[in-house]
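Student: Could you show me how to read side-chain contacts and cores in a model like this one?
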Amino acid sequence: MDSNISILVNDVVVADFDNNNSDDIIIIGQHSIDLYRNNGSGSFSKETILSTSSSSTRVLECLDLATADMDGDGNIDLINGETEGLVIYLNNGNAVFSPHYYSLISEIFFLVHPFDIDNDGDMDVVGRNHAGEVKWFSNNGSSVMTYEATLTNIPNLLSLNSIDYNNNDGLEDLYTSYANHVSIFENDANQNFNNEISVYQDDNLIMGALQLIDVDNQNGLDYVWSGGNNTIAFHMNESLLNIDDPEAPTILLYPNPTNGILNSTHQFQKLRIYNFQGAKLMEVYKTKTLDLSRLPAGIYTLIMEDLKGLTIH
């Protein structure tokens with residue numbers, strides 16, 4: 001891999017995009033999207049996914065990047081915020097990407113985040129545009145996105161993620177940073193996010209990037225964010241159900257460790273896999289069997305929601 005990359009890097013994601021069991025790297029620069037393909041031994045070759053010269057209507061600027069399986073084919077796709085708006089780059093399984101444009105006229109997206117906002121089993125997208133509006137686009141299950149609404153009462157966002165904060169409703173809520181706040185906006189099942197839960201507020205700090213990681217190996221994913229004055233902070237998530245809760249079912253997952261198929265003695269409504277950085281890699285429904293064969297070897301967080309709404313980590 002070239003150690004002298006002379007582009008302005010706006011975002012970077014890491015995943016096995018070509019399904020060869022080795023993590024590749026994708027970088028968005030100001031005017032480009034570039035894949036660094038891993039040959040399996042730590043040697044990378046650069047391939048251009050998109051550049052200014054192939055932009056359709058205006059000078060391309062890439063602003064934010066996320067990953068998810070948008071069309072349900074098992075391959076990791078790209079969700080990009082650009083001057084072209086919201087763009088989904090579908091992966092053919094060999095890290096060859098085709099762009100699909102889903103935004104309104106002359107709309108620029110600075111933040112994008114995929115998650116199942118309407119709880120129908122596929123990945124939708126929420127994004128903040130150049131006017132500061134937070135909009136959501138529904139997925140028909142095959143990555144065809146439809147603009148649904150502008151979410152109300154959410155300030156201009158600096159960073160965006162999602163987590164099922166309220167384990168009784170099975171819905172993922174918005175985990176956000178803005179100005180002097182880190183807050184969660186609850187999803188009310190009608191895709192309204194009017195109820196704000198303050199995680200932290202400091203009028204002397206401008207909050208920045210945030211993530212979800214298991215800090216203490218206790219209660220699932222905790223809240224981590226960067227603030228001003230060179231600070232990084234975290235908040236323990238104690239609202240999630242502990243595995244020792246008397247209502248939690250007895251569960252056996254086997255084999256553990258596994259090199260492919262993970263079985264459970266308990267059927268779950270939803271199972272989600274997160275990597276160590278807190279990025280969601282997989283989400284499956286109503287199953288006792290989870291196929292992990294396409295994930296590289298490593299340690300992952302498995303969040304399981306059962307048919308009664310209990311969430312177990």
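Tutor: The side chain of tyrosine 102 reaches the backbone oxygen of serine 143 at 3.4 Å, where a polar contact is a pair of N or O atoms within 3.5 Å, and within protein one must be able to donate a hydrogen and the other to accept it, while residues adjacent in sequence count only if both atoms are side-chain atoms. This is a predicted model, in which local features need pLDDT of at least 70 and side-chain atom pairs count only at pLDDT 80 or more, whereas totals for chains, interfaces and linings use all residues. Residues are numbered from 1 along each chain as its sequence is written, and side-chain values use heavy atoms, with hydrogens and water left out.

Student: Is tyrosine 102 buried or exposed, and which residues does tyrosine 102 touch?

Tutor: Buried means under 20% relative accessible area, exposed over 50%, and partly exposed in between, with a 1.4 Å probe and protein chains only. Tyrosine 102 has 16%, so it is buried. Contact means heavy atoms within 4.5 Å, and, leaving aside residues up to four places away in sequence, tyrosine 102 touches Leu86, Ile88, Phe137, Ser143, Val144 and Met145.

Student: What does the side chain of threonine 83 reach?

Tutor: That side chain comes to 2.9 Å from the backbone nitrogen of glutamate 61, and threonine 83 is itself buried, at 7% relative accessibility.

Student: How many residues has the largest nonpolar core?

Tutor: A nonpolar core is a set of buried Ala, Val, Leu, Ile, Met, Phe, Trp, Tyr and Cys residues joined through side-chain atoms within 4.5 Å. The largest has 18 residues, and those with the most contacts inside it include Ile49 and Phe97.
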